[in-house]
Amino acid sequence: MAIIKPNNNTISAITVLPAADGSALTGISSDFVLLSSTDITSSTASVTFDGHFSSTYQNYKVIISNLIPATNSARLRMRYRQSDADVTASNYAYVIGADLVYSAGSGAANLETSFNTGQVVVTSEMKNTSTLTNSVELTLFDPLSAQNKACTWHNQNFGSVLTDLNRNYIGSCLYDGNTTVLSGLTFYMDSGDISTGNFKLYGIK
(Lines give C-alpha, C1' and ligand atoms only; values in the text may rest on other atoms or scores of the structure.)
Protein backbone atom coordinates (compact mmCIF):
# COMPACT_ATOMS: atom_id res chain seq x y z
CA MET A 1 0.00 0.00 0.00
CA ALA A 2 1.27 3.46 -0.87
CA ILE A 3 0.29 6.13 1.69
CA ILE A 4 1.02 9.64 0.51
CA LYS A 5 1.83 12.35 3.05
CA PRO A 6 1.50 16.15 2.71
CA ASN A 7 3.87 18.41 0.83
CA ASN A 8 3.66 22.01 -0.35
CA ASN A 9 4.19 21.81 -4.10
CA THR A 10 2.15 24.39 -5.99
CA ILE A 11 1.01 24.05 -9.60
CA SER A 12 0.61 27.44 -11.26
CA ALA A 13 -1.44 28.51 -14.23
CA ILE A 14 -0.42 31.37 -16.52
CA THR A 15 -3.00 34.13 -16.86
CA VAL A 16 -2.60 36.59 -19.75
CA LEU A 17 -4.33 39.97 -19.34
CA PRO A 18 -4.55 42.78 -21.92
CA ALA A 19 -2.79 46.02 -21.03
CA ALA A 20 -4.10 49.46 -21.90
CA ASP A 21 -1.68 49.76 -24.81
CA GLY A 22 -2.78 46.47 -26.32
CA SER A 23 0.20 44.45 -25.08
CA ALA A 24 -0.12 41.46 -22.78
CA LEU A 25 0.50 41.37 -19.05
CA THR A 26 1.30 37.97 -17.60
CA GLY A 27 0.26 37.02 -14.07
CA ILE A 28 0.47 33.84 -12.03
CA SER A 29 -2.48 32.16 -10.34
CA SER A 30 -2.31 29.12 -8.05
CA ASP A 31 -5.89 27.98 -7.61
CA PHE A 32 -4.80 24.33 -8.05
CA VAL A 33 -2.13 23.28 -5.53
CA LEU A 34 -0.42 19.90 -5.76
CA LEU A 35 -0.65 18.26 -2.33
CA SER A 36 0.55 14.71 -3.09
CA SER A 37 1.88 12.65 -5.98
CA THR A 38 3.04 9.08 -6.38
CA ASP A 39 4.08 6.83 -9.25
CA ILE A 40 3.19 3.14 -8.98
CA THR A 41 5.67 1.14 -11.07
CA SER A 42 5.22 -2.34 -9.57
CA SER A 43 2.32 -4.25 -8.02
CA THR A 44 0.82 -2.27 -5.13
CA ALA A 45 -2.33 -3.20 -3.23
CA SER A 46 -3.72 0.33 -2.85
CA VAL A 47 -2.98 4.05 -2.95
CA THR A 48 -4.11 6.18 -0.02
CA PHE A 49 -4.17 9.95 0.31
CA ASP A 50 -4.42 10.81 4.01
CA GLY A 51 -3.89 13.90 6.14
CA HIS A 52 -4.05 16.43 3.28
CA PHE A 53 -7.51 17.96 3.80
CA SER A 54 -7.55 21.32 5.59
CA SER A 55 -9.48 24.56 5.82
CA THR A 56 -7.12 26.02 3.17
CA TYR A 57 -9.06 24.23 0.41
CA GLN A 58 -12.77 23.55 0.19
CA ASN A 59 -12.67 21.13 -2.78
CA TYR A 60 -10.09 18.65 -4.10
CA LYS A 61 -9.14 17.07 -7.42
CA VAL A 62 -7.59 13.62 -8.01
CA ILE A 63 -5.91 12.90 -11.37
CA ILE A 64 -4.96 9.29 -12.18
CA SER A 65 -3.08 8.50 -15.41
CA ASN A 66 -1.32 5.49 -16.94
CA LEU A 67 -3.47 3.19 -14.81
CA ILE A 68 -2.98 -0.56 -15.46
CA PRO A 69 -4.26 -3.41 -13.27
CA ALA A 70 -2.10 -6.38 -12.38
CA THR A 71 -5.09 -8.68 -12.97
CA ASN A 72 -6.95 -8.83 -16.27
CA SER A 73 -10.49 -7.38 -16.16
CA ALA A 74 -10.00 -5.67 -12.77
CA ARG A 75 -11.87 -2.47 -11.94
CA LEU A 76 -10.68 0.44 -9.79
CA ARG A 77 -12.58 1.00 -6.54
CA MET A 78 -12.54 3.84 -4.02
CA ARG A 79 -13.42 4.35 -0.37
CA TYR A 80 -13.51 7.46 1.79
CA ARG A 81 -11.39 7.62 4.95
CA GLN A 82 -12.39 8.93 8.37
CA SER A 83 -9.94 9.21 11.29
CA ASP A 84 -7.19 7.67 9.12
CA ALA A 85 -9.16 4.48 8.35
CA ASP A 86 -11.12 3.31 5.31
CA VAL A 87 -14.89 3.62 5.62
CA THR A 88 -16.28 0.18 4.77
CA ALA A 89 -19.88 0.59 5.97
CA SER A 90 -22.55 -0.12 3.34
CA ASN A 91 -23.66 3.50 2.96
CA TYR A 92 -22.24 4.43 -0.45
CA ALA A 93 -24.52 5.10 -3.40
CA TYR A 94 -23.15 5.65 -6.89
CA VAL A 95 -24.29 5.93 -10.48
CA ILE A 96 -22.22 5.59 -13.66
CA GLY A 97 -23.33 6.54 -17.16
CA ALA A 98 -21.18 5.18 -19.98
CA ASP A 99 -20.82 5.72 -23.71
CA LEU A 100 -19.24 2.76 -25.51
CA VAL A 101 -17.50 2.54 -28.89
CA TYR A 102 -16.74 -0.99 -30.10
CA SER A 103 -13.72 -1.93 -32.21
CA ALA A 104 -16.06 -2.59 -35.14
CA GLY A 105 -17.14 1.06 -35.03
CA SER A 106 -20.61 0.66 -33.51
CA GLY A 107 -21.61 2.42 -30.31
CA ALA A 108 -23.89 1.92 -27.32
CA ALA A 109 -24.68 3.33 -23.88
CA ASN A 110 -25.30 1.78 -20.51
CA LEU A 111 -26.12 2.74 -16.91
CA GLU A 112 -24.77 1.19 -13.71
CA THR A 113 -26.07 1.99 -10.22
CA SER A 114 -25.57 0.70 -6.70
CA PHE A 115 -27.14 1.67 -3.36
CA ASN A 116 -26.10 0.75 0.19
CA THR A 117 -22.79 -0.73 -0.91
CA GLY A 118 -19.41 -0.78 0.85
CA GLN A 119 -17.31 0.89 -1.87
CA VAL A 120 -17.49 2.88 -5.09
CA VAL A 121 -16.68 1.40 -8.52
CA VAL A 122 -14.77 4.03 -10.51
CA THR A 123 -13.78 2.32 -13.79
CA SER A 124 -14.89 -0.40 -16.16
CA GLU A 125 -12.99 -3.67 -16.62
CA MET A 126 -9.41 -3.00 -17.70
CA LYS A 127 -6.85 -5.10 -19.55
CA ASN A 128 -3.46 -5.55 -17.90
CA THR A 129 -1.67 -4.54 -21.10
CA SER A 130 1.05 -1.92 -20.73
CA THR A 131 0.36 -0.24 -24.10
CA LEU A 132 -3.28 0.48 -23.23
CA THR A 133 -4.37 3.43 -21.11
CA ASN A 134 -6.88 4.22 -18.40
CA SER A 135 -7.34 7.57 -16.68
CA VAL A 136 -9.55 9.18 -14.04
CA GLU A 137 -10.35 12.78 -13.09
CA LEU A 138 -12.24 12.94 -9.77
CA THR A 139 -13.55 15.95 -7.83
CA LEU A 140 -14.24 15.65 -4.10
CA PHE A 141 -16.53 18.31 -2.66
CA ASP A 142 -15.96 19.85 0.80
CA PRO A 143 -14.70 16.79 2.72
CA LEU A 144 -14.60 18.76 6.01
CA SER A 145 -18.23 19.87 5.87
CA ALA A 146 -20.96 18.77 8.30
CA GLN A 147 -22.89 17.22 5.42
CA ASN A 148 -22.93 13.91 3.54
CA LYS A 149 -19.82 13.66 1.35
CA ALA A 150 -20.08 13.64 -2.44
CA CYS A 151 -17.77 13.33 -5.44
CA THR A 152 -17.99 13.14 -9.22
CA TRP A 153 -15.57 11.69 -11.76
CA HIS A 154 -14.77 11.06 -15.40
CA ASN A 155 -13.06 7.81 -16.45
CA GLN A 156 -11.52 7.05 -19.84
CA ASN A 157 -10.92 3.36 -20.50
CA PHE A 158 -9.62 1.59 -23.59
CA GLY A 159 -9.16 -2.13 -23.98
CA SER A 160 -11.98 -3.70 -22.02
CA VAL A 161 -11.42 -7.47 -21.90
CA LEU A 162 -14.98 -8.02 -23.04
CA THR A 163 -15.04 -6.46 -26.49
CA ASP A 164 -11.98 -4.23 -26.98
CA LEU A 165 -14.08 -1.12 -26.65
CA ASN A 166 -13.43 2.48 -25.69
CA ARG A 167 -15.50 3.60 -22.70
CA ASN A 168 -16.30 7.08 -21.47
CA TYR A 169 -17.59 6.92 -17.86
CA ILE A 170 -19.25 9.75 -15.97
CA GLY A 171 -19.97 8.95 -12.33
CA SER A 172 -21.06 10.39 -9.01
CA CYS A 173 -21.30 9.04 -5.48
CA LEU A 174 -22.64 9.99 -2.06
CA TYR A 175 -21.85 8.57 1.38
CA ASP A 176 -24.76 9.06 3.77
CA GLY A 177 -23.71 6.92 6.74
CA ASN A 178 -22.74 9.98 8.78
CA THR A 179 -21.53 13.56 8.41
CA THR A 180 -18.08 13.00 9.96
CA VAL A 181 -15.24 14.86 8.22
CA LEU A 182 -13.08 12.89 5.80
CA SER A 183 -9.36 12.40 6.37
CA GLY A 184 -8.57 10.94 2.96
CA LEU A 185 -9.30 8.56 0.07
CA THR A 186 -8.16 5.03 -0.81
CA PHE A 187 -8.01 3.55 -4.32
CA TYR A 188 -7.66 -0.19 -4.96
CA MET A 189 -8.61 -2.88 -7.48
CA ASP A 190 -11.57 -5.23 -7.03
CA SER A 191 -9.17 -8.07 -7.93
CA GLY A 192 -5.39 -8.12 -7.59
CA ASP A 193 -3.04 -5.15 -7.37
CA ILE A 194 -2.41 -1.87 -9.14
CA SER A 195 0.40 -2.55 -11.62
CA THR A 196 1.14 1.02 -12.74
CA GLY A 197 -0.39 4.46 -12.32
CA ASN A 198 0.36 8.08 -11.50
CA PHE A 199 -1.82 9.43 -8.69
CA LYS A 200 -2.01 13.15 -7.90
CA LEU A 201 -4.09 15.06 -5.34
CA TYR A 202 -4.73 18.80 -5.75
CA GLY A 203 -6.34 21.29 -3.43
CA ILE A 204 -8.63 23.82 -5.11
CA LYS A 205 -8.71 27.30 -3.60
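Me: Are Phe53 and Tyr60 buried or exposed?

Reply: Both of them are buried. That word means under 20% relative accessible area, while exposed means over 50% and partly exposed is in between (1.4 Å probe, protein chains only). Keep in mind that this is a predicted model, where local features need pLDDT of at least 70, side-chain atom pairs count only at pLDDT 80 or more, and totals for chains, interfaces and linings use all residues. Residues are numbered from 1 along each chain as its sequence is written, and side-chain values use heavy atoms, with hydrogens and water left out.

Me: Why is the ring pair of Phe53 and Tyr60 called tilted?

Reply: Rings of Phe, Tyr and Trp (its six-membered ring) pair if their centres lie within 6.5 Å; planes under 30 degrees apart are stacked, over 60 edge-to-face, and the rest tilted. Here the centres are 4.5 Å apart and the planes sit at 50°, so the pair is tilted. By this rule the count is 5 aromatic pairs, and ring pairs link Phe53, Tyr57 and Tyr60 into a cluster.

Me: How do you know that Cys151 and Cys173 are in no disulfide?

Reply: A search of the whole structure turns up 0 disulfides. For Cys151, the nearest cysteine sulfur is that of Cys173, 3.3 Å away, and for Cys173 the nearest is that of Cys151. In general, a disulfide is a covalent bond between the sulfur atoms of two cysteines.

Me: What makes Cys151 and Cys173 count as buried?

Reply: Cys151 has a relative accessible area of 1%, so it is buried. Cys173 comes in at 5%, so it is buried as well. Both cysteines also touch Met78, along with Leu138, Phe187 and others, not counting residues up to four places away in sequence (touching means heavy atoms within 4.5 Å).

Me: What makes Met78 stand out in the largest nonpolar core?

Reply: That core has 39 residues, and Met78 is one of those with the most contacts inside it, together with Tyr80, Trp153 and Phe187. To be in such a core, a residue must be a buried Ala, Val, Leu, Ile, Met, Phe, Trp, Tyr or Cys, joined through side-chain atoms within 4.5 Å.

Me: Why is Ile63 called partly exposed?

Reply: Its relative accessibility is 29%, so Ile63 falls in the in-between class. Ile63 lies in strand E6 (residues 59-69). Among the residues it touches are Val136, Phe199 and Tyr202. Ile63 and Trp153 are 90 residues apart in sequence, yet their C-alpha atoms are 9.7 Å apart in space.

Me: What about Ala109: buried or exposed?

Reply: Ala109 has a relative accessible area of 58%, so it is exposed. You'll find it in strand E10 (residues 107-117); strands are DSSP runs (E, at least two residues), helices are H or I runs of at least four, and both are numbered from the N terminus. Overall, the chain has 0 helices and 16 strands.

Technical notes: Disulfide = S-S within 2.5 Å.
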